[in-house]
Amino acid sequence: MNSQNYNYCQSITGKTQLLGVIGHPVEHSLSPVMHNVALAKLGLDYVYLPFPIAPENLATAIAGFATIGVVGFSVTIPHKQAIIPLLSEISPIAQAIGAVNTVTRQGNKWVGTNTDVEGFIAPLQTTYQQDWSQKKAVILGNGGAARAIVAGCVQLGLAEIHLVGRNIYKLKDFRQSWQNSPFADKFQVHSWEELPKLIPQANLLVNTTPIGMYPHIDDSPLSSDDMANLPSGVIAYDLIYIPKPTKFLQLAEKQGAIPIDGLEMLVQQGAAALKIWLQQETVPVDEMRQALQNHLGL
């Protein structure tokens, strides 16, 4: 770890404002790297810390955060859904998705939202601008991460959104969990066996599964045979950012796909959260990205 990222430690006082990330486990989180660099660049007396919180301690921890004056925190696995009943308010987007990744203290209330959607669509709206209203998305996986991706595809206005899962029971649960959401009729679910007919139609192919994440760097949710009929010019988007590129993206690129990895989503969702906590319009996104790239040796 680059020690210059942690110079802020020398100046922590009783007045230093607290931000952080909660998860279980949380030691792998890269959020402290990018957030502390951004806070230092802005010259603010804040620190962003990782808080490992087991599921059974969630309510106690959130109450404790209120007591010690935590300004806000990020939420990662496995708390994104479990935290909702502990919050006073959640934003419409978090309500629609059924998951929270960013919490802010407002007065004496905890308010939750979800910046994963903004993080996911950011590169698709800037670097890879297209008329999404004519495009079709195929989303691999039906876990928690897939929820924000469905919402992001709806926001982009894609013509069709197809979600594919391996476990038919989990797939049914996923479908049912959207019953009260405004996004309920915006996407279709499919079993894995239907992939061969979906792949040739895809303009955006997104991996939300953990398959291929370090240390399992030779794994991919799709084989080269699966991708044989992938249209040239399709955008292949993997939410995983270690390794860079993943096997999934390597295989997709061989078929002429444009690759996007999860690093940009991580940066952009973090920047969106920081804007909320600090109540300011701009944060040093380039420095956040560079800090992560340096940390990962990219």
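Biologist: Which residues of helix 5 are counted as buried, and what makes a residue buried?

Modeller: The buried residues of helix 5 are A146, R147, A148, I149, V150, A151, G152, C153, V154 and L156. A residue is called buried when its relative accessible area is under 20%, exposed when it is over 50%, and partly exposed in between, with a 1.4 Å probe and protein chains only. Helices are DSSP runs of H or I with at least four residues, strands are runs of E with at least two, and both are numbered from the N terminus. This is a predicted model, in which local features need pLDDT of at least 70 and side-chain atom pairs count only at pLDDT 80 or more, while totals for chains, interfaces and linings use all residues. Residues are numbered from 1 along each chain as its sequence is written, and side-chain values use heavy atoms, with hydrogens and water left out.

Biologist: Why is helix 5 described as largely enclosed by the rest of the structure?

Modeller: Of its 13 residues, 10 are buried, so helix 5 is largely enclosed by the rest of the structure. Just after this helix, G157 has a positive phi of about 85°.

Biologist: What makes V206 a buried residue, and which residues does V206 touch?

Modeller: The relative accessible area of V206 is 0%, so V206 is buried. This residue lies in strand 10. Contact means heavy atoms within 4.5 Å; not counting residues up to four places away in sequence, V206 touches F120, V138, I139, L140, I149, Y237 and L239. From C-alpha to C-alpha, V206 and H162 are 10 Å apart in space and 44 residues apart in sequence.

Biologist: How do you know whether L124 and D116 are buried or exposed?

Modeller: L124 has 0% relative accessibility and therefore counts as buried. D116 has 10% and therefore counts as buried. L124 is placed in helix 4, and D116 is found in helix 4, residues 116-125. Leaving aside neighbours within four places in sequence, L124 is in contact with Q129, W132, L156, L204, I235, Y237 and I260.

Biologist: What makes Q279 an exposed residue?

Modeller: Q279 has a relative accessible area of 74%, so Q279 is exposed. The residue sits in the loop between helix 9 and helix 10 (285-295). Most residues other than glycine have a negative phi.

Biologist: Which peptide bonds are called cis, and what is omega in each?

Modeller: The bond from Y214 to P215 is cis, with omega near 10°, and P215 is in the loop between strand 10 (204-207) and strand 11 (235-238). The bond joining K244 and P245 is cis, with omega about 0°, and P245 is in the loop between strand 11 and helix 8 (247-254). Most peptide bonds are trans.

Biologist: What makes a pocket a pocket, and which residues lie nearest the centre of the largest pocket?

Modeller: On a 1 Å grid over the protein atoms alone, a pocket is an open set of points with protein on both sides within 12 Å along at least five of seven lines, whereas a cavity is a set where a 1.4 Å probe fits but cannot get out; lining residues have an atom within 4 Å of a point. The largest pocket is lined by 48 residues, of which T76, I77, K80, A145 and M213 lie nearest its centre. Two or more lining residues come from each of strand 3 (72-75), helix 5 (144-156), helix 6 (168-176) and helix 9 (262-278). Helix 5 supplies the largest share, five residues.

Biologist: How do you know whether the radius of gyration agrees with a compact globule?

Modeller: The radius is taken over C-alpha atoms, and the globule rule is 2.2 Å times the number of residues to the power 0.38. For 298 residues a compact globule would have a radius near 19 Å, and the protein has 19 Å, so the two agree. Buried residues make up 51% of the 298 residues. The secondary structure comes to 10 helices and 12 strands.
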